[in-house]
Amino acid sequence: MTYAQTLDWMFAQLPMYQKIGAAAHTKDLKNTIILMEHLNHPELKFKSIHVGGTNGKGSSSSLLASVLQEAGYKVGLYTSPHLKDFRERIKINGEMIPQENVTAFIATHKTFLENNHLSFFEMTVGLAFDFFANQNVDVALIEVGLGGGLDSTNVITPLLSVITNIGWDHMNMLGNTLAEIASEKAGIIKPNVPVVIGEYVSETKPVFQEKADLENAPIWFASEIDWKNYESSLLGDYQIHNKKTVLTALNVLKTHFTISESNIKNGFLNVNTNTKFAGRWQILSNSPIIVADTAHNKDGLQIVMNQVSKQKFDHLHFVFGVVNDKDLDSILHLLPQKATYYIAKPNVPRGLEVDKLAQIMQKNGFQFQSFSSIPEAFAQAKQQAQNSDMIYVGGSTFVVAEVI
């Protein structure tokens, strides 16, 4: 198969959370364990750092990878979902996995993948781990896809586990209380493996502490530590929390890697260049200012909408779309009423139909215009906006992907 045919097969044949939502979530690690055995255990052939949490996983993973790259290491980076190209999920020193490696992996293992009914996420984890092992990376940053304990990535024994924060997201799969969600995400805490917690609340700190004690895992709470605020090319008010988490993690990792002050400084400043990270308070234009951000749950949007309110503009134009399993009631009150919304269905099967979104927007008193696609909505926003206005693009990762 060609690369395009390979991707078509992967996307069409296998359950994938990005496309179908909760139905793609597996309940155990059996399939991943079988796949690791089939691949001769690539997860044992490279050092790793495991990064979980509700928000900030991608930013934190990319900051850590960038600093380690600046320190001279060959660094793998596994993240999800991708924005434009599937290969964004699997990188070494910022370079995406070559197309031929993707096609060769699927061609070699296709019969096994089919016979064992592996999910899109499970096979992608296998592809990433196999690639990192074959390329002899010094270390790989492995971002959790969903949850923690039952996530397909949770077959590694890392040098360090990082949990950025706990928020209200994916409650239909992870739990109905913050403590329940924290318990699932704490599943990446391993015996005798240090863990860094980025942010916590009263309900979640005891969960992390209890799990760390049970596993005899040294634990650090980054929000309790004062660190220098390094400048970073990652913009957005929420990055202050991610930077503290990363600095705490780097302090722990200095027992395994040689990391200098200049490595940290340059790693933070060059993170976009080093890792090709995108979609987090990404400024697409300055006249008018156009910002795209993938924040899509209550905790992430609250911070981002607060940052929008601090910007100077005459009028806000909001290109907006969501997926059909989004709890809109939890986020609608965060969206500014004094704005013009340009709404459309994101171009994925999970996208919420624009007619349904329009009914909700009208019921809640928002001023909006409906469009048949996100690109059409974005084009209209740009046409109507004055240079002194602001255009914000968000609501879903998929909305940002279609614009940038």
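## Two helices in contact

In this predicted model, Asn31, Thr32, Leu35 and Met36 of helix 3 meet Glu122, Met123, Gly126 and Phe129 of helix 6. Contact here means heavy atoms within 4.5 Å. The residues of this contact divide into four nonpolar, three polar and one charged. For that count, Ala, Val, Leu, Ile, Met, Phe, Trp, Tyr, Cys and Pro are nonpolar, Asp, Glu, Lys and Arg are charged, and the others, Gly among them, are polar. Helices (H or I, at least four residues) and strands (E, at least two) are DSSP runs, numbered from the N terminus.

How do the two helices pack? Helix 3 and helix 6 (residues 120-134) pack at an angle of about 30°, and their axes are 10 Å apart. Axes are lines fitted to C-alpha atoms, for helices over the stretch in contact, and angles run from 0 to 180 degrees between N-to-C directions. The crossing of helix 3 with helix 6 is right-handed. A crossing gets that name if the near helix is turned clockwise from the far one by less than a right angle, and is left-handed if anticlockwise.

## How to read the model

Residues are numbered from 1 along each chain as its sequence is written. Because this is a predicted model, local features need pLDDT of at least 70 and side-chain atom pairs count only at pLDDT 80 or more, while totals for chains, interfaces and linings use all residues; side-chain values use heavy atoms, with hydrogens and water left out.

Now let us turn to the sheets. Strands of a sheet pair through backbone hydrogen bonds, either parallel or antiparallel. Two strands count as paired if DSSP finds at least two bridges between them.

Eight strands form an open sheet with mixed pairing, in the order 4-3-2-5-1-6-7-8. Its edge strands are strand 4 (95-96) and strand 8, each pairing on one side only. Inside this order, strand 1 and strand 6 (residues 160-163) run parallel and are joined by four bridges. You can look for Ile49, whose bridge partner in strand 6 is Leu160. Helix 4 lies across strand 1, strand 2 and strand 5 (139-143), and runs at about 170° to strand 5.

Ile283 has Val291 as its bridge partner in strand 10. With strand 14, strand 10 pairs in the parallel sense over four bridges, and Ala292 stands opposite Val393. Which way do the residues of strand 10 point? Ile289 and Val291 point one way, Ile290 and Ala292 point the other way, and all are buried. Buried means under 20% relative accessible area, exposed over 50%, and partly exposed in between (1.4 Å probe, protein chains only).

Strand 14 (residues 390-394) also pairs with strand 11 (residues 316-320), in the parallel sense over five bridges. There, Val319 stands opposite Val393.

## One side of helix 11

Which residues of helix 11 (residues 261-269) are buried? They are Asn263, Ile264, Gly267 and Phe268. These residues cover an arc of only 120° around the axis, so they sit on the same side of helix 11. The arc is that of the directions from the helix axis to the C-beta atoms. An α-helix has 3.6 residues a turn, so residues three or four places apart point the same way. Among the elements that cover the buried residues are helix 4 (57-70), helix 10 (239-253) and helix 12 (271-275).

Some loop residues deserve a look at their backbone. The peptide bond from Ser80 to Pro81 is cis, with omega near -5°, and Pro81 is in the loop between strand 2 (75-78) and strand 3 (90-92). Ser287 and Pro288 are also joined by a cis peptide bond, with omega about 0°. Pro288 is found in the loop between strand 9 (282-286) and strand 10 (289-292).

Asn40 is not a glycine, yet has a positive phi of about 65°. Asn40 lies in the loop between helix 3 (30-38) and strand 1 (47-52), and counts as exposed at 53% relative accessibility.
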